[in-house]
Amino acid sequence: MPGRAAPVRIRRATVRDLGVLRRHRDAMFRDMGRGSPRSLAAADRAYAVWARRLLRTGDLVGFLAVLRDGTVVAGGCVWLREHQPHPVLAGGRVPYLLSMYTEPAHRGRGLATKIVRAATRWARARGFPRFFLHASEKGRGVYEKLGWSRTWEMETKL
Ligand SMILES: CC(C)(COP(=O)(O)OP(=O)(O)OC[C@H]1O[C@@H](n2cnc3c(N)ncnc32)[C@H](O)[C@@H]1OP(=O)(O)O)[C@@H](O)C(=O)NCCC(=O)NCCS
């Protein structure tokens, strides 16, 4: 059993990591209290199809925190999604951070912070001017410490 201070490295995910990416995403929603058992199962199946396709095209890029023995203990993904033409943002694809999850035994030691930093370096190196996400309550502090700020996106139920 690795201790809390076990060293980790960050590596990129491949399609072979789909199992852990699915497990982490499902656990993230459960931790956030979102969805019913039925809707979580349906979302998981749909995500598997969607993520496999996008990992293959490079429109989904995963970052994993991995122990020395190869165990994945945290992760997050960048989705390149389409943005409308806009005076501040020219349009085209923009990076969006999703599925941030750290396994409970490994929380509070900077793993999510490392993943956000790696994803940010990745996005910056590709010339993207902005980076987006929707934060859970637990995630907010991590992003704010890294300089992210709230925006005014709104929604209504139809
Ligand atoms: C949100 C979540 C991903 C954070 O994961 P984490 O690996 O524990 O995050 P970090 O360790 O980087 O940061 C957590 C806290 O530890 C602190 N911390 C401790 N050691 C640290 C270190 N060495 N470096 C950076 N931060 C450290 C951070 O400052 C942060 O403090 P805060 O609670 O005041 O914000 C995790 O709690 C989780 O999976 N939650 C459930 C799912 C979820 O809400 N996901 C986010 C969706 S947006």
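## Ligand shell

The ligand is surrounded by 22 residues, of which Thr-102, Gly-108, Gly-110, Thr-113 and Ser-136 are the closest. The model described here is a predicted one. Sorted by class, the shell comprises nine nonpolar, eight polar and five charged residues.

Four elements, α1 (18–31), β4 (92–102), α3 (111–125) and α4 (137–145), each contribute at least two residues to the shell. The largest share, six residues, is supplied by α4.

## Polar contacts and burial of the ligand

A polar backbone atom of Met-100 lies 2.8 Å from a ligand nitrogen atom. An oxygen atom of the ligand is 3.0 Å from a backbone N or O atom of Ala-112, and a polar backbone atom of Arg-109 is 3.2 Å from an oxygen atom of the ligand. The protein buries 71% of the 920 Å² that the ligand exposes when taken alone.

In soluble globular proteins, nonpolar side chains tend to be buried together. In this model, the largest nonpolar core has 24 residues, and the members that touch the most others are Phe-63, Val-78, Leu-97, Met-100, Trp-122, Phe-131 and Tyr-143. At least two residues of this core come from each of β2 (60–67), β3 (72–83), β4 and α3. The greatest contribution to this core is that of α3, with eight residues.

Leu-97 illustrates the packing. When neighbours within four places in sequence are left aside, Leu-97 is in contact with Cys-77, Val-78, Val-116, Ala-119, Phe-131, Phe-132, Leu-133 and Tyr-143.

Ala-135 is located in the loop that lies between β5 (132–133) and α4. Its relative accessible area is 32%, so Ala-135 is classed as partly exposed, a class that lies between the limits of under 20% for buried and over 50% for exposed.

Not counting residues up to four places away in sequence, Ala-135 touches Arg-140 and Tyr-143. Tyr-143 is also one of the residues that touch the most other members of the largest nonpolar core, and Tyr-143 is in contact with Leu-97. Ala-135 and Leu-98 are separated by 37 residues in sequence, and their C-alpha atoms are 8.9 Å apart in space.

Notes. Residues are numbered from 1 along each chain as its sequence is written. This is a predicted model: local features need pLDDT of at least 70, side-chain atom pairs count only at pLDDT 80 or more; totals for chains, interfaces and linings use all residues. Side-chain values use heavy atoms; hydrogens and water are left out. A residue is near a molecule or strand if one of its heavy atoms lies within 4 Å of it. A polar contact is a pair of N or O atoms within 3.5 Å; within protein, one must be able to donate a hydrogen and the other to accept it, and residues adjacent in sequence count only if both atoms are side-chain atoms. Accessible areas come from the Shrake-Rupley method with a 1.4 Å probe; for residues, only the protein chains shown count as cover. Ala, Val, Leu, Ile, Met, Phe, Trp, Tyr, Cys and Pro count as nonpolar, Asp, Glu, Lys and Arg as charged, and the others, Gly among them, as polar. A nonpolar core is a set of buried Ala, Val, Leu, Ile, Met, Phe, Trp, Tyr and Cys residues joined through side-chain atoms within 4.5 Å. Buried means under 20% relative accessible area, exposed over 50%, partly exposed in between (1.4 Å probe, protein chains only). Contact means heavy atoms within 4.5 Å.
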